[in-house]
Amino acid sequence: MDAPLKTRDLVKTFGGIRALDGVSIDVYNEKITLIIGPNGSGKTTLINVITGFYHPERGEVKFNGSNITGLPPFKIFEKGIVRTFQIPHLFKSLTVLENMLVASRNNPGEKLRKALFKNSWRRAEEHLVEKALRILELLNLDHLWDKPACTLSGGQMKLLEIGRALMADPLMVLMDEPIAGVNPRLANEIFEHLLSLRKELNLTFLIVEHRLDIALPYADYVYAMDRGKIISKGSPSEVLEDKIVARAYLGG
Amino acid sequence: MIDIIRLLVDIIAFYAIYLLLSISLNVEYGYAGIPNFGKALFFAAGGFVVGSLTSRLLAPLAGIDLHQVNFKIYNVLIATKVSQYLSGNILLALTAFIAMIILGAIMGGLLGVVASYPAIRLREDYLAITLLAAGELARIIARNYDPLICGTLGVSVPDPFAWLPGIQRSIVQAGIMMSIAVMVWLLVERIARSPFGRLLRAIREDERAAEVYGKNVASIRMRALLIGSSIAGLAGAIYAFYVGSVHADDYTPIRTFIVWVMVVLGGAGNNAGAALGSLVYVLSDRIIMQVKYYITVPFDINYLSYMAFGTLLILVLMYRPKGILPEKPSLTIDFSKVISRLREEAEASPEGSGG
């Protein structure tokens, strides 16, 4: 199987704690790869290392064959990786539509040189509004387009984060607990959205989640982490039946 | 009797200067969220350029050999001679004025990049402290290093409008100042209503998310500071020409804070707010200055303006924390028009929006 994202032997320490202790994973193309593990097992740290927020002490991250270890987040974005946060990081006082527009790639009007000349970016801006509206319709957020993001409900914020990620035409989306704090019905809805998006847009997902009951049925491949190490990997059923995983979760 | 015309001209001239300063802070703080507490530094940059260079560059043309005279002691005389020379050469006078204010803007922008470079990647508070310190540093250097603007004595600035008689001179000068300020305001408003303006606001709201979406936050912030500082440098140069002299102690942090009051009062992130805030300030400040001779208060009358603005600021923060004119979404294009057109198109096609 083709794996565009590979990490090899990543090590990240905070003081005396080894948050990542030699993590190697493969994220397969157009699949939903799930990382599970109890709190503090290093899942979010892994996302932060892949997306350039933390520099690993050792190991490397490869995306489509090129080494992206330690690149700043905005360079990682240029390679085609977009991430979402556990707590939505929206541009709070900007409207829903503005949040979407900022997320787009290569908007000519964002260059200071061109900003003064409306004719140089008006058409691009119109196209982006059209694209944003289509994504918002997909997520049932289109009626809220002119509302400030801070007025949305928690679930809508989660959806907007996903919408914003899609706006950037990513090759791969890394999601940090997309259903944390969301009721089970909406949580399932979010995953249904992800499934249909993957099919429509040929997207690859790497999702960190610890609500196994909801997330597992949607996953194609699962890694289980504990104390900075990968302790199990395989199909959802294989990992679920692994005794080591059960012990990690139950704290045995 | 108060000379109404002179008062009006004075108000317009000062409004032009403070309008420039408040929109420059609005770009940095209102839009980009950069707490620039060093506004006085960039304002001073323009003033120092005008003060240190105008006389020196034009003196040889006016027949003064700078090697023969002590510039520090005789700078007032030299400036007067240069003014006389300029009054006979309108073209040169205006060229000098325009060249010096452009140079002031360039110097301001340059200093904006240099002074913020060490801290632009740090958290906002550190940037604020760095800029505040840089401003004081520049003022203290100018105060003690005579060759720049003659130290504590200050330096006289030649008058590029000396060719006009009496009050006409002030009217023309104030008119030119105001036109420059309005032009800059329009430019900044254009930037604010562009995707670049939206990007600045996004970075202000959430730096990490902006980085996730491929925005080089440090470099974009630097750009905002470059714009803001150039405008402040321009304002400083215009101010130096208007008051006719440059003194280091004119550029204390209080200037910075006054500009902050204007922006917070008027509404950060709204250029109209910045314009209103500075208008309120200049009007009341100038009027207080005029009436202070006619009223008696049991304290030093010079504090009246500070007290009035302190109270006003507290009231606005209590009852309208986003300023008199709060921020609005940057309508780069007419979104509702585009969206309703798209919806109509979707309804018209049988496939619906999916097609």
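Let's start with Arg201(B) and Glu98(A): in this predicted model, the two form a salt bridge whose closest N and O atoms are 3.0 Å apart. Arg201(B) sits in helix α8 (residues 195-205) of chain B, while Glu98(A) belongs to helix α3 (residues 96-102) of chain A, so this pair joins two chains.

Glu98(A) and Arg201(B) are linked with Arg204(B), Glu205(B) and Glu327(B) in a network of salt bridges. Over all chains, the count comes to 31 salt bridges.

Now for two pairs inside chain B. Asp146(B) forms a salt bridge with Lys72(B), with 3.0 Å between the closest N and O atoms. It links distant parts of the chain, as Asp146(B) is in helix α6 (residues 146-149) and Lys72(B) in helix α3 (residues 71-87), 74 residues apart.

Asp249(B) and Arg139(B) also meet through their side chains in a salt bridge, at 2.8 Å from N to O. Asp249(B) lies in the loop between β2 (245-246) and α11 (253-266) of chain B, and Arg139(B) lies in helix α5 (residues 124-144), so the pair ties together parts 110 residues apart in sequence.

Here is how accessible the residues of these two pairs are:

| Residue | Relative accessible area | Class |
|---|---|---|
| Asp146(B) | 30% | partly exposed |
| Lys72(B) | 30% | partly exposed |
| Asp249(B) | 38% | partly exposed |
| Arg139(B) | 14% | buried |

Arg139(B) counts as buried because its 14% falls under the 20% cut-off.

Note on methods
Residues are numbered from 1 along each chain as its sequence is written. Chains are lettered from A and ligands numbered from 1 in the order in which they are written. This is a predicted model: local features need pLDDT of at least 70, side-chain atom pairs count only at pLDDT 80 or more; totals for chains, interfaces and linings use all residues. Side-chain values use heavy atoms; hydrogens and water are left out. A salt bridge is a side-chain nitrogen of Lys or Arg within 4 Å of a carboxyl oxygen of Asp or Glu. Helices (H or I, at least four residues) and strands (E, at least two) are DSSP runs, numbered from the N terminus. Buried means under 20% relative accessible area, exposed over 50%, partly exposed in between (1.4 Å probe, protein chains only).
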